[in-house]
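The following exercises concern a single protein chain. Please consult the sequence and the coordinates while working through each solution.

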Amino acid sequence: MAAVPRAFHVMSKPTGAICNLDCDYCFFLSKEQLYPGSGFRMAPEVHEAYVRQLLEAQRGVDEVVVAFQGGEPTLMGLDFFRRTLELEQRYAAPGQQILNTLQTNGTLLDDEWALFLRDHGFLVGVSIDGPRALHDAYRVDKGGKPTFDRVVRGIDVLRRHGVDWNALVTVNAANGDHGREVYTFLRDELGASFVQLIPIVERATAELLPLAEAGWGERSRDRPLYRQEGALVTHRSVGAEQYGRFLVDVFEEWARHDVGDVFVPTFDTALAHWLGMHQSGSCVHAETCGDAVALEHNGDLYSCDHYVEPDYLLGNIAEGRTLLQLVDSPQQRAFGNAKRDTLPDYCRRCDVRFACHGGCPKDRFLTAPDGEPGLHYLCAGYQHFFRHVDAPMQTMAALLRNGRDATGLRTWYAGRDAHLSPTDPCTCGSGTAFAACHGGPAPRRS
């Protein structure tokens, strides 16, 4: 019997932790301490090994994703990405489909970049945390200056040249009470049709918390190496209940107006679970993990982007073992299965376990009500969100099972809303009158 093609995701970091910004909550900036004296540029031989081994490992996979992140990957310059295309052409099997992705802060993008990205079909993710005041709360440059105008200018360049782009939003203490405002800004002002939501949970030990609260030092080089340790969080971290309310706030807007037009992976993943699909597309709420690894600039491969730490180093792809061998290693399999195997009993008994699966292991540092360790920091928020969306998710699942379009959820909401008076409490649970909240006129579209 032929082997099943092995699909896994590699987040490559060609500049390591080096970035032209100094976002207050960025956990990755301190990782440069792992490589003292490095120039933090992916060498040609590592670059070639990455592309070759990834394509060879995924023969038969429908689409191979070649992903670049950072740090800030555009610091490598366009020639690096031109060579990426040459390597792909050299090593791709006949008919092998490749999607190149680039996650960037957007500040260095210009017409030349945009034309290249468009002409070669790159999917570009741009990090932006909402309108100016919310974005600039934590996303600053090396001099501590705001970055909003530079990021929006980069997005405008992408839009003007027709580049396929996504918005990546970190949900933190500053924007966590403004879900609908953030979402409608991205949709209406920037024209985003794909919005990824990432909660900021910035851990610290009691010893490191004072330094973390002060911003981890003046600049990134002063930061201690960030590790997944400690049961305390900084003031920049989103609160658990706050995150749940944020998701509900966005969902109530999306469900009424944007199903089928705007894609939010958090909602897509939830729907997949309500449909009984085991492969949901997101490792955060999958039963196990381990299929999303991080590649450093020198070829070191780590178990996960959030675990770029010595204890989670799998090996180096330029020193004997290949990407596939490292991803399939006993160490990595144990890492991925531990997500399921260490789930507290409190989670196993939870009514929304099928949709949550305990969340990302990096944030499982609370104690469950019965005293067992390993409860996710965002548990209360997850429970609030998943319980809130149960009825609409069941509605969408039923529509899809009957061969109908999920956009029918808009009609379902319209029917329910028709029975509400303007002064009734809004269905999002905010306590605000329906007409002054999600029952008001839909925000204008650009």
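## Exercise 1: Ser329

Ser329 is placed in the loop between helix H10 (323–327) and helix H11 (330–341). The model is a predicted one.

**Task.** Determine whether Ser329 is buried or exposed, and state which residues Ser329 touches, not counting those up to four places away in sequence.

**Solution.** 
1. The relative accessible area of Ser329 is 6%.
2. Buried means under 20% relative accessible area, so Ser329 is buried.
3. Not counting residues up to four places away in sequence, Ser329 touches Leu314 and Arg321.

## Exercise 2: Helices H9 and H15

**Task.** Describe how the axes of helix H9 (residues 265–274) and helix H15 (residues 390–401) cross, and list the residues that meet.

**Solution.** 
1. The two axes, of H9 and H15, come within 9 Å and cross at roughly 70 degrees.
2. Angles of 65 to 115 degrees count as roughly perpendicular; H9 and H15 are therefore roughly perpendicular to each other.
3. The crossing of H9 and H15 is right-handed.
4. On the H9 side, the contact involves Phe267, Ala270, Leu271 and Trp274. On the H15 side, these meet Asp390, Met393, Gln394, Met396, Ala397, Leu400 and Arg401.

## Exercise 3: Cysteines

**Task.** Find how many disulfides there are, and examine Cys347 and Cys360.

**Solution.** 
1. A disulfide is a covalent bond between the sulfur atoms of two cysteines. The cut-off applied is a pair of cysteine sulfur atoms within 2.5 Å.
2. By this rule, the count is zero disulfides.
3. For Cys347, the nearest cysteine sulfur is that of Cys379, 5.7 Å away, and Cys347 is in no disulfide. Cys347 has a relative accessible area of 11% and is buried.
4. For Cys360, the nearest cysteine sulfur is that of Cys304, 5.8 Å away, and Cys360 is in no disulfide. Cys360 is buried, its relative accessible area being 13%.

Key
Residues are numbered from 1 along each chain as its sequence is written. This is a predicted model: local features need pLDDT of at least 70, side-chain atom pairs count only at pLDDT 80 or more; totals for chains, interfaces and linings use all residues. Side-chain values use heavy atoms; hydrogens and water are left out. Helices (H or I, at least four residues) and strands (E, at least two) are DSSP runs, numbered from the N terminus. Buried means under 20% relative accessible area, exposed over 50%, partly exposed in between (1.4 Å probe, protein chains only). Contact means heavy atoms within 4.5 Å. Axes are lines fitted to C-alpha atoms, for helices over the stretch in contact, and angles run from 0 to 180 degrees between N-to-C directions. Angles under 35 degrees count as roughly parallel, over 145 as roughly antiparallel, 65 to 115 as roughly perpendicular and the rest as oblique. A crossing is left-handed if the near helix is turned anticlockwise from the far one by less than a right angle, and right-handed if clockwise.
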